[in-house]
Amino acid sequence: DSGVTQTPKHLITATGQRVTLRCSPRSGDLSVYWYQQSLDQGLQFLIQYYNGEERAKGNILERFSAQQFPDLHSELNLSSLELGDSALYFCASSVGGGGPHGYTFGSGTRLTVV
Amino acid sequence: GQNIDQPTEMTATEGAIVQINCTYQTSGFNGLFWYQQHAGEAPTFLSYNVLDGLEEKGRFSSFLSRSKGYSYLLLKELQMKDSASYLCAVRDRGGATNKLIFGTGTLLAVQP
């Protein structure tokens, strides 16, 4: 157990629907990062939050949004889902800049859009 | 722009040594990381380099040359359990972020 908790582990939903993925960072970590990993693709950075504030945006679609709450957990909302959104979504956390150990990753949410 | 290149696949024999190369071009640099990822699982941290040179940790070593935008991960005494994807990542240094930019990964198959 890495200390980063993601729920649910698996999600199957239909095109056009909306889902929410949840992430609880490791205790003491203030930064949360979301990544998308499609089949045969690398980890694509979506968005970073630090202590409730957005710090950086990557290749995140307008249909996707995220937030970090006062208790530091984060949610990634995906709407108007398309088949191409099927992927593994990882959340990672770090204390601040991550230091010499980078991030700690959660076990991911596998989203299947049918 | 930001670009990180790694070979897509490699094959090696149990007990041997394998070197996985990574070249990068990024707008900012604040360290290079190697992660291991088994299929469908979370990436796990292997090594970190921020200064030029070699870092050794057990069977794993990682090398960095910042002037050449080049790193490699060296795995010695390969075991079957080392079959996995190996991800090279650069920590961006720009503005208020410290995000990691990942390469597409190198899938290593260790054969008996």
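**View 1. Glu56(B) pairs with Lys76(B) in a predicted model.** At 55% relative accessibility, Glu56(B) counts as exposed. Here buried means under 20% relative accessible area, exposed over 50%, and partly exposed in between (1.4 Å probe, protein chains only). Glu56(B) forms a salt bridge with Lys76(B), with the closest N and O atoms 3.6 Å apart. A salt bridge is a side-chain nitrogen of Lys or Arg within 4 Å of a carboxyl oxygen of Asp or Glu. Lys76(B) is partly exposed, at 26%. Glu56(B) sits in strand β6 of chain B, and Lys76(B) in the loop between β8 and β9, 20 residues apart. Strands (E, at least two residues) are DSSP runs, numbered from the N terminus.

Because the model is predicted, local features need pLDDT of at least 70 and side-chain atom pairs count only at pLDDT 80 or more, while totals for chains, interfaces and linings use all residues. Residues are numbered from 1 along each chain as its sequence is written, chains are lettered from A and ligands numbered from 1 in the order written, and side-chain values use heavy atoms, leaving out hydrogens and water.

**View 2. Arg59(B) meets Asp82(B) in a salt bridge.** The N to O distance is 2.8 Å. Arg59(B) lies in the loop between β6 and β7 of chain B, Asp82(B) in the loop between β8 and β9, 23 residues apart. Arg59(B) is buried, with a relative accessible area of 18%. Asp82(B) is buried too, at 2%.

**View 3. Arg66(B) and Asp52(B) form a salt bridge.** Their side chains meet at 3.0 Å, N to O. Arg66(B) is partly exposed, at 41% relative accessibility. Asp52(B) is partly exposed, at 42%. Over all chains, the structure holds 8 salt bridges.

**View 4. Phe90(A) and Phe105(A) form an aromatic pair.** Rings of Phe, Tyr and Trp (its six-membered ring) pair if their centres lie within 6.5 Å; planes under 30 degrees apart count as stacked, over 60 as edge-to-face and the rest as tilted. The count comes to 18 aromatic pairs over all chains. The centres of Phe90(A) and Phe105(A) are 6.2 Å apart and their planes at 90°, so the pair is edge-to-face. Phe90(A) is in strand β9 (residues 87–94) of chain A, Phe105(A) in strand β10 (residues 104–105). Both Phe90(A) and Phe105(A) are buried.

**View 5. Lys99(B) touches residues of chains A and B.** Contact means heavy atoms within 4.5 Å. Among the residues touched are Tyr33(A), Phe45(A), Gln48(A) and Asp92(B). Lys99(B) counts as buried, at 11% relative accessibility.

Technical notes
Helix = DSSP H or I, 4+ residues; strand = E, 2+ residues; numbered from the N terminus. Lists of a residue's contacts leave out its neighbours within four places in sequence.
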